[in-house]
Amino acid sequence: MSDSSDWTSTSMPYLTPPGKGSPDVWGAEASAQGRKGGQRIVHAGEVPAPSEVAELFSVPEGEPVIVRRRVIQLDGEPCELTDTYYPIHIARGTRLAGTAKIPGGAVTLLAELGHVGVRVREDVTARMPSAEEREELRLGPDEPVLRLARVTLDDQDRAIQADLMTMPAHRGRLRYWISVAATRREARPQLC
């Protein structure tokens, strides 16, 4: 097993459609770092919105949503648990509600369905894992996890996707690059 403690991941490749014929984004990211990335879909379908998802979607808790639950693997070892949620009116009856792999990924399918993300908010917190998370991620009793909650909004500020990702805190790092506007307003003194 490879040591994944030096793993660094960025969010940007997962936010825009990769283009027709492009490889799996996670597999390509892992491959670029000399690793092997994979995933196993453990559940897909309609579920009542848990409170965190209801808040991200601004809907009542328990309202039906579609979820795709996956175990993300790096070099054959589990490195992340990802639950991706979609509003029922977007995903019901589509490949988003099934367990089959989606060519080009879910972001590509969303774009084909007319739903393109233009703004994303991510919140990262740390906590101790649940017993189920500890078992799935093969963690020791005192190892914390990072929890990344991401909501993707369209050009009308409607939530089209929510991701809840749980990963071992000690095995990786999240990296963010932020572009700052090239032009800044100069501070001008105001006369009173």
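**A tour of the sheet and its salt bridges**

Start at Glu-133: this residue is buried, with a relative accessible area of 11%. Buried means under 20% relative accessible area, exposed over 50%, partly exposed in between (1.4 Å probe, protein chains only). This is a predicted model: local features need pLDDT of at least 70, side-chain atom pairs count only at pLDDT 80 or more, and totals for chains, interfaces and linings use all residues. Residues are numbered from 1 along each chain as its sequence is written, and side-chain values use heavy atoms, with hydrogens and water left out.

Arg-127 forms a salt bridge with Glu-133, with the closest N and O atoms 2.8 Å apart. A salt bridge is a side-chain nitrogen of Lys or Arg within 4 Å of a carboxyl oxygen of Asp or Glu. Arg-127 is partly exposed at 29% relative accessible area. The structure holds 13 salt bridges.

**The sheet**

Now show the strands. Six of them form an open sheet, in the order S2-S3-S4-S7-S6-S5, with antiparallel pairing. S2 and S5 (119-127) are the edge strands, each pairing on one side only. On average, neighbouring strands of this sheet are turned by 15 degrees against each other, direction ignored. Axes here are lines fitted to C-alpha atoms, for helices over the stretch in contact, and angles run from 0 to 180 degrees between N-to-C directions. Helices (H or I, at least four residues) and strands (E, at least two) are DSSP runs, numbered from the N terminus. Two strands pair if DSSP finds at least two bridges between them.

Select 64-74 and 77-87. These are S3 and S4, paired in the antiparallel sense over ten bridges. Arg-69 stands opposite Asp-83 in S4.

**Links across the chain**

Go to Glu-122 and Arg-150. Their salt bridge has its closest N and O atoms 2.6 Å apart. The pair links distant parts of the chain: Glu-122 in S5 and Arg-150 in S6, 28 residues apart. Arg-150 is buried, at 6% relative accessible area.

Next, pick Arg-147 and Glu-52. They form a salt bridge, closest N and O atoms 3.1 Å apart. Arg-147 sits in strand S6 (residues 145-153) and Glu-52 in helix H2 (residues 51-57), 95 residues apart. Arg-147 is buried at 15%, whereas Glu-52 is partly exposed at 33%.

**Last stop**

Select Arg-35, in the loop between helix H1 (25-32) and strand S2 (37-48). Arg-35 counts as buried because its relative accessibility is 15%. The Arg-35 side chain makes a polar contact with the side chain of Asp-75 (2.5 Å). A polar contact is a pair of N or O atoms within 3.5 Å; within protein, one must be able to donate a hydrogen and the other to accept it, and residues adjacent in sequence count only if both atoms are side-chain atoms.
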